[in-house]
Amino acid sequence: MTDMFVSLGNWNWLIFGFILVALEVLAPGVFLFWLGLAALLVGLISFAAAISWQIQLVMFAIFAAAAVPVWRRLAKPKPDASASPFLNKRSEALLGREFTLEKPIIDGTGTVRIGDTVWRVAGPDTPAGTRVKVVQVDGANLTVAAA
């Protein structure tokens, strides 16, 4: 086995690195890329300095282990709350908006049409057609006040 490392010399790391990167292209998972990058780095360093194959193996292990935190840092998605602040919180997006009552609020409950959906609203008794403002949200129930 040692003859294999010695016979190819420094080229074995470059070949191994390119094979790993090519495998990453064929079966993406972002893991083989970092190992291939570590192998390429060892190959480039071994061309610059005469290093024994044992130290090259240790360098590969160190570079591969160091690639894990680098990959985790780069792969972590950056939250973009400004893009969709009310995603999956549709009712909270209605807070502070004004709408026209579809059915009057009688005994504390009525309805308002928002887009193609009819929402149940609670508030003081108010006739249909009155503009109301959403002041509180509790799940699918909206509390309104006269606008």
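Glu-98 is partly exposed, with a relative accessible area of 39%; partly exposed means between buried (under 20% relative accessible area) and exposed (over 50%), using a 1.4 Å probe and protein chains only. The model is predicted, so local features need pLDDT of at least 70 and side-chain atom pairs count only at pLDDT 80 or more, while totals for chains, interfaces and linings use all residues. Residues are numbered from 1 along each chain as its sequence is written, and side-chain values use heavy atoms, with hydrogens and water left out.

**Salt bridges**

Side chains of opposite charge can pair when their charged atoms come close. A salt bridge is counted when a side-chain nitrogen of Lys or Arg is within 4 Å of a carboxyl oxygen of Asp or Glu. By this rule there are two salt bridges.

Arg-131 and Glu-98 form a salt bridge through their side chains. This pair links distant parts of the chain, since Arg-131 is in strand β4 (residues 131–138) and Glu-98 is in strand β1 (residues 98–106), 33 residues apart. Strands are DSSP runs of E with at least two residues, helices are runs of H or I with at least four, and both are numbered from the N terminus. Arg-131 is partly exposed, at 42% relative accessibility.

Glu-102 and Arg-113 also meet in a salt bridge. Here too distant parts of the chain are linked: Glu-102 belongs to strand β1 and Arg-113 to strand β2 (residues 109–114), 11 residues apart. Glu-102 is partly exposed, with a relative accessible area of 35%, and Arg-113 is partly exposed at 43%.

| Salt bridge | Distance, N to O |
|---|---|
| Arg-131 and Glu-98 | 4.0 Å |
| Glu-102 and Arg-113 | 2.8 Å |

**Nonpolar patch**

Trp-11, Ile-15, Ile-19, Leu-23, Leu-26 and Phe-47 make a nonpolar surface patch of about 640 Å². Patch residues have over 30% relative accessible area and no salt bridge; nonpolar side chains (Val, Leu, Ile, Met, Phe, Trp, Tyr) are joined within 5 Å, and like charges within 9 Å. Helix α2 (residues 11–26) gives the most to this patch, with five residues. Leu-23 lies in helix α2 and is partly exposed, with a relative accessible area of 39%.

**Annotated spans**

An unreviewed UniProt entry carries the annotation "transmembrane region" for residues 12–35 and 41–68; such annotations may be inferred rather than shown by experiment. In the model, residues 12–35 are 79% helix and 0% strand, with the end C-alpha atoms 14 Å apart. Residues 41–68 are 86% helix and 0% strand, and their end C-alpha atoms lie 15 Å apart.

Technical notes: Accessible areas come from the Shrake-Rupley method with a 1.4 Å probe; for residues, only the protein chains shown count as cover.
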